[in-house]
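Trainee: I'd like to learn how to read pockets in a protein model. Could you walk me through an example?

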Amino acid sequence: MAVALLVAAGRGERLGSDGPKALVPLAGRPLMDWALDALRAAPGIDEIVVALPEGVAAPDGVVAATGGAERSHSVRNALAASHGDPVLVHDAARPLLTPAIVAACLAAVAEPGVDAAVAAAPVTDTIKEAGDGHRVRRTLDRSALWAVQTPQVFRRAALESALAQDDAVLAAATDDAALVEGAGGTVVVVPSPRENLKVTTPLDLQVARLLLGRN
């Protein structure tokens, strides 16, 4: 029985909102509703837990968890309120999630020896590493680079172990898969379209609105 954890506890300052990012309007609906629709429609998801800011009511049919100071703290709180395995973690700020992406990630984590599977898009830009004074140190081989997204799906034991670390370690992690990697777990990437974007800025919100209209 797979469980989905939807992380919706972020703030919306960079979107120009003084309230929770998950409630910012997108095409006439709260931002998080779009991801919820995809999770509800995805085969294999039997439970949904949403990590929310304090004072925000949970949507119908989902379990509420309290959001934490950092993203990984929110995931840990949501995990504690859930029961399923494997565990899918998705950012509410990615409204163009599809059931097909969910299914592909669930299938990948079911393979023997895999502890986590993460949606990711191949990097298409040339990537340079720069140091002091913005001086370029080297140009990376983009054929081996992936821009990581969510959903990220984990074997429950692997995620529980990774999130059992100190709060400071969790706060420094850019994603949950990095915590599993750091603990020696096996993580695989699942090709995903670039359209599965994260809404962070007003421009992202405009692009998401256009893509939803196209779809």
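Mentor: Happy to! By class, 7 nonpolar, 3 polar and 4 charged residues make up the lining of the second largest pocket. Here Ala, Val, Leu, Ile, Met, Phe, Trp, Tyr, Cys and Pro count as nonpolar, Asp, Glu, Lys and Arg as charged, and the others, Gly among them, as polar. This is a predicted model, in which local features need pLDDT of at least 70 and side-chain atom pairs pLDDT 80 or more, while totals for chains, interfaces and linings use all residues. Residues are numbered from 1 along each chain as its sequence is written, and side-chain values use heavy atoms, without hydrogens and water.

Trainee: What counts as a pocket and its lining?

Mentor: On a 1 Å grid over the protein atoms alone, a pocket is an open set of points where a 1.4 Å probe fits, with protein on both sides within 12 Å along at least five of seven lines; lining residues have an atom within 4 Å of a point. The second largest pocket has 14 of them, and A121, P122, A147, Q149 and R194 lie nearest its centre.

Trainee: How much space lies in the second largest pocket?

Mentor: About 270 Å³, where a volume is the space filled by probe spheres set on the points, joined across faces, edges and corners.

Trainee: Which strand gives the largest share of its lining?

Mentor: Strand 10, with 3 residues; strands (E, at least two residues) are DSSP runs, numbered from the N terminus.

Trainee: And the largest pocket?

Mentor: Its volume is about 770 Å³. G10, R14, K21, R71 and K198 are the closest to its centre among 35 lining residues. Strand 10 gives the most here too, with 4 residues.
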